[in-house]
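Welcome, and please open the structure in your viewer. We will go through it one selection at a time.

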Amino acid sequence: MSSNDDLSTQILDKDLQEFILAERQKAQFQAQVHRLNSICWDKCVTDKPSSKLDSRTEACLSNCVDRFIDTSLAITQRFANIIQKQASQSFH
Amino acid sequence: MSKLSPAQKDELMDEFKQQFAIANAQELLEKMTEKCFSKCVTKPGVSLDSSENKCISMCVDRFMESFNIISRSYSSRIQRESNKV
């Protein structure tokens, strides 16, 4: 066994590796929620804050998440098409 | 370096989780301050007046509400997307 293997099994045993992977996923999820909340707050919460979010604002926030993801997917698709077209044009 | 004992491992994981929770709270606080300042303090005066203070505390509560709604919808979207595959 090389000293390198030795070191990695010592520091990162299986439990810890799984733990770090799960925590990293949680952190990524959390970071995306912060980002979406910031974007959707600006879009949906237009009135002065009152004692409760009204149902229209709630619906807007929840739709905002799905539409943002749809937009991101649509743009990715569109972008891929453009790149593909350019790549095939430079061939001819 | 010797292998970590189970107790040491637990300690490390707890420490990790605590740091994560702190970072999360800091991010929330920072965003909240930014959003509620721009919403509630439209013309900064010599001090925060009572209506600005009231607005700020409501804004904080609404921001948390919004955060929870976003978190729920994002999580259910991920669930739906992973069921598609």
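What is the mean pLDDT of chain B, and what share of its residues reach 70 or more? Colour chain B by confidence to see: the mean is 93, and 98% of the residues of chain B reach 70 or more. Keep in mind throughout that this is a predicted model. For the complex, the predictor gives an ipTM of 0.88 and a pTM of 0.84.

**Stop 1: chain B**

You will find 2 helices and 0 strands. Chain B is more spread out than a compact globule, because its radius of gyration is 20 Å, well over the 12 Å that the globule rule gives for 85 residues. Turn the view along the principal axes, where the C-alpha trace of chain B spans about 60 × 40 × 15 Å. Of the 85 residues in this chain, 16% count as buried.

Now select residues 17-75 of chain B. UniProt, in an unreviewed entry, places the feature "domain: Tim10-like" here. The span is 85% helix and 0% strand, and its end C-alpha atoms lie 20 Å apart.

**Stop 2: one residue of chain B**

Next, pick Asn68(B), which has its place in helix α2 of chain B. Asn68(B) and Ile56(B) are 12 residues apart in sequence and 18 Å apart in space.

**Stop 3: chain A**

Switch to chain A. Its secondary structure comes to 3 helices and 0 strands, and from the N terminus on the elements run α-α-α. Of the 92 residues of chain A, 14% count as buried.

Select residues 19-80 of chain A, the stretch that UniProt lists for "domain: Tim10-like", again in an unreviewed entry. This span is 84% helix and 0% strand, with its end C-alpha atoms 35 Å apart.

**Stop 4: where the chains touch**

**Stop 5: the nonpolar core**

Finally, select Leu36(A), Cys40(A), Cys44(A), Leu61(A), Val65(A) and Ile70(B). These touch the most other members of the largest nonpolar core, which has 18 residues. Which elements each supply at least two residues of this core? They are α2 (14-44) and α3 (55-91) of chain A, together with α1 and α2 of chain B. The element that gives the most to the core is α2(B), with 7 residues.

Leaving aside neighbours within four places in sequence, Cys44(A) is in contact with Thr57(A), Cys60(A), Leu61(A) and Cys64(A).

Technical notes:
Residues numbered from 1 in each chain as written. Chains lettered and ligands numbered in written order. Predicted model: local features only at pLDDT ≥ 70, side-chain atom pairs only at ≥ 80, totals over all residues. UniProt positions renumbered as here; feature names shortened; annotations may be inferred. Helix = DSSP H or I, 4+ residues; strand = E, 2+ residues; numbered from the N terminus. Buried ≥ 20, exposed ≤ 12 C-beta atoms within 10 Å, placed from the backbone. Core = buried A, V, L, I, M, F, W, Y, C linked by C-beta atoms within 7 Å. Contact = placed C-beta atoms within 7 Å. pLDDT = per-residue confidence, 0-100. Rg over C-alpha atoms; globule rule 2.2 N^0.38 Å.
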